[in-house]
Amino acid sequence: IDDLLTGDLPTILTKYQLGENVDKDPEWRGTARYTRDELEILISDARIPRDRRVFYALEGIGGLRLGEVAGLRFRHHDAGLSPLGGILVATSYNTGRTKTKQPRRMPVHPTLAAILAEWRLSGWAEMMGRKPTPDDLIAPMPPDHAARRREGRTLEGMRSRTYCFKRFRDDLKMLGFRHRRGHDLRRTMISLSREDGARKDLLELCTHNPTKKGSSIDVYTTFPWEAFCGEVQKL
């Protein structure tokens, strides 16, 4: 495109101009996960505020992305499904769509189900000062934090990426854990599940949407809910 564009015209650049998307540090990815013990501590240690433990559980046991947890509402959690309840992952933050623009349903692991049940029964109300409604965010910012928010303030106190990054960094430091990303909780859930025997193809349909580049037979295959639940329960 050299010499074809002049001035400050908006331009869409691709990998041919920007280069391939590769890790700055080629060694970090192999260590970008948590141990099973670390995951258990992050979702249970009483030194971490309860609302953040719920958030980490949705990432580390539910396999959700940060934005998907931030935009998750109580109506998206169907505890009545069997053999496991389900979470409808339909939006990232408040955009109305996920990263892949396709909704998916994630089985709720029994440990996560217990955490969400206790949170809905008492924890959320203790933090927010009222009982939750179906349209309320499952993990909003605590009211005092939302009131101090200077930029991007929302009526509901939806968590921003920056807010989550800072709190997660502080929690890791407090626990004496080495630095890793919040997104690595999702990587940990997938890794531990596969270590525990979960089938890759079924687990992938829970944590990701089918790719357009997949085999044609995948497009014509529909698995029952029980099959997905069985793989998530292996964790």
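I start with a local pair: Arg169 and Asp170 form a salt bridge, with their closest N and O atoms 3.5 Å apart. By salt bridge I mean a side-chain nitrogen of Lys or Arg within 4 Å of a carboxyl oxygen of Asp or Glu. Arg169 counts as partly exposed, at 47% relative accessibility, and Asp170 is partly exposed too, with a relative accessible area of 39%. The classes are these: buried is under 20% relative accessible area, exposed is over 50%, and partly exposed is in between, with a 1.4 Å probe and protein chains only.

Some notes on the source. This is a predicted model, in which local features need pLDDT of at least 70 and side-chain atom pairs count only at pLDDT 80 or more, while totals for chains, interfaces and linings use all residues. Residues are numbered from 1 along each chain as its sequence is written, and side-chain values use heavy atoms, with hydrogens and water left out.

Now the overall layout. The protein has 11 helices and three strands. These elements are DSSP runs numbered from the N terminus, helices being H or I with at least four residues and strands being E with at least two. The order along the sequence is α-α-α-α-β-β-β-α-α-α-α-α-α-α. Of the 235 residues in the protein, 41% are buried. The exposed surface comes to about 14300 Å², and carbon and sulfur atoms supply 53% of it; the areas come from the Shrake-Rupley method with a 1.4 Å probe, and for residues only the protein chains shown count as cover. Taking contacts between residues at least 6 apart in sequence, 60% join residues at least 24 apart, where contact means heavy atoms within 4.5 Å.

Back to charges. The structure holds 18 salt bridges. One of them joins the side chains of Asp51 and Arg159, at 2.4 Å from N to O. Asp51 lies in helix 3 (residues 50-60) and Arg159 in the loop between helix 6 (143-147) and helix 7 (161-175), so this pair ties together parts that are 108 residues apart in sequence. Are these two residues buried or exposed? Both Asp51 and Arg159 are buried.

Another salt bridge joins the side chains of Arg52 and Asp171, at 2.9 Å from N to O. Arg52 is in helix 3 and Asp171 in helix 7, so the pair ties together parts that are 119 residues apart in sequence. Arg52 counts as buried at 11% relative accessibility, and Asp171 counts as buried at 3%. Separately, a network of salt bridges links Arg50, Glu118 and Glu126.

Next, the strands. Two strands pair if DSSP finds at least two bridges between them. Strand 1 (residues 77-78) and strand 2 (residues 86-89) pair in the antiparallel sense over two bridges, and His77 stands opposite Ile87 in strand 2. Strand 2 also pairs with strand 3 in the antiparallel sense, over four bridges. There, Gly86 stands opposite Pro107 in strand 3.

Last, helix 9. Which residues of helix 9 (residues 200-207) are buried? They are Leu202, Leu203, Cys206 and Thr207. These residues cover an arc of only 130 degrees around the axis, which puts them on the same side of helix 9; the arc is that of the directions from the helix axis to the C-beta atoms. What covers the buried residues of helix 9 includes strand 3 (104-107), helix 8 (183-195) and helix 11 (225-232).
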